[in-house]
Amino acid sequence: MRTAYGVETVRTAERELMARLPEGALMQRAAAGLAAVCARLLARHRRVYGARVVLLVGPGDNGGDALYAGARLARRGAAVTAVPMDPERMHPGGLAALRAAGGRVEPAVPQRADLVVDGLLGIGGRGGLRPAAAALVERIPAGAPVLAVDLPSGVDADTGEVTGPAVTADVTVAFGAYKPGLLIDPGASHAGAVHLVDIGLELPEPELEALQHADVAALLPRPTASSDKYRRGVVGVVAGSAQYPGAAVLAVAGALRGGAGAVRYVGPAADAVLARYPETLVGPGRVQAWVVGPGLGEGRAGEVADLLAGDAAVLVDADGLRGLDPAVLRARTAPTLLTPHAGEAAALLGVARESVEAGRLSAVRRLAERYGATVLLKGSTTLVASAGARAVRVNPTGTPWLATAGSGDVLSGLAGSLLAGGLSGADAGAVGAYLHGLAARRAGGPLVAHQVAEALPAAWQDTTRT
């Protein structure tokens, strides 16, 4: 599992480690790891010897890391040029090391480079790049690969927000821990491939978690020799309408592939559901979890309220999210999972959609606390937060091809089936989003929602392969 930590947590761990190490030792560890990744990148296209490396250098420790790494590359024969944001505020030790190794300091960004290293701001930056830094970034040679030191400058380390000009890196080298801004869009889209360099930090409980194959495989419900369809869990689906019968079909498709023993459908699209999936049970009955909302249309709030008044787990999506009462949800003792997209989340919070999209981490946390539930916020980076829990789950398998009609209906059915199989709201949401993304990648793009559902069994199997 990948884990991410906020700036203050990382800085506290760094201070505690520095107190036990000789002065400057921690920066040298970081610089050694940074130089090693730089060397590997250069070796893909040419040797380190003779390569042209440009360092964009800020005034803090981030700039010092870049300078010390540049000195290591210069000692291997690279032609290293440092371009400072402020010549009077360069890290003195790093600058001396670079010059001693044969590196140069220039006032302007060279026109050619085999690698550009962004050492401008790092995790301490807030807001977009200031004019002096932005001017350097604008002059990065076209086509030159960019490597960011710890975090692309201009990205908020704690939230992934980008509120002004920012570096877009091909690779980011993270020191000691992933930062939330490396895993959450829009920051994640600026980070490129992220390499973690272990510098020996001792860290507490994480603030962000990203499941990987082994984590998902360990959580997936699996039948045993004594299982029958009822012991494996029954998921009920209340979805679809005369206008949107396909939503019911797609939600049932996801539910059938989520590991539950049976799927029960209740709604006006029974004929369409049975025509596609004759194994579906139709009509009211006992279930372990309900999925309600996809394609429901207007005027059916009573059905949502009835399910929330019951003692089964409930996943609420799409039309079912309208007009939810936070007090009703907070009073529930059974698991409740809400799965809004940004527009629905904005309505639930009473804010503009742009506010949710710009601050996804803050939005999902506020939703979880306000409604006393687990919230899966769909989007370019799907996030899962639970009321009272410190760690937020971030899904690493998403793909832009999932921005297609009906894909959310499939995800709702899938996550609801996992709920019925006994997973918690957080695990059902995170595992469902993970498999959903894997299935979309398998189906390729352009794709339509039913292709994602059809690829789910293969995605499930992918997680068990070593």
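**Notes on the predicted model**

1. The largest nonpolar core has 98 residues, and those with the most contacts inside it are L55, V117, L147, V316, L324 and L338. Such a core is a set of buried Ala, Val, Leu, Ile, Met, Phe, Trp, Tyr and Cys residues joined through side-chain atoms within 4.5 Å, where buried means under 20% relative accessible area with a 1.4 Å probe, protein chains only. Helix α2 (residues 25-43) supplies the largest share of this core, eleven residues. A second, separate core of 53 residues includes A239, V252, V291 and A455.

2. This is a predicted model, in which local features need pLDDT of at least 70 and side-chain atom pairs count only at pLDDT 80 or more, while totals for chains, interfaces and linings use all residues. Residues are numbered from 1 along each chain as its sequence is written, and side-chain values use heavy atoms, with hydrogens and water left out.

3. Helix α16 (residues 407-420) packs with helix α17 (residues 425-443) at an angle of about 135°, their axes being 8 Å apart. That angle makes α16 oblique to α17, since angles under 35 degrees count as roughly parallel, over 145 as roughly antiparallel, 65 to 115 as roughly perpendicular and the rest as oblique.

4. D114 lies in the loop between β4 (104-105) and β5 (115-119), and D114 counts as buried because its relative accessibility is 18%. Not counting residues up to four places away in sequence, D114 touches L42, R46, A51, R52 and P145, contact meaning heavy atoms within 4.5 Å.

Definitions and conventions:
Helix = DSSP H or I, 4+ residues; strand = E, 2+ residues; numbered from the N terminus. Buried < 20%, exposed > 50% of the residue type's maximum accessible area, 1.4 Å probe, protein only. Axes fitted to C-alpha atoms, helices over the stretch in contact; angles between N-to-C directions.
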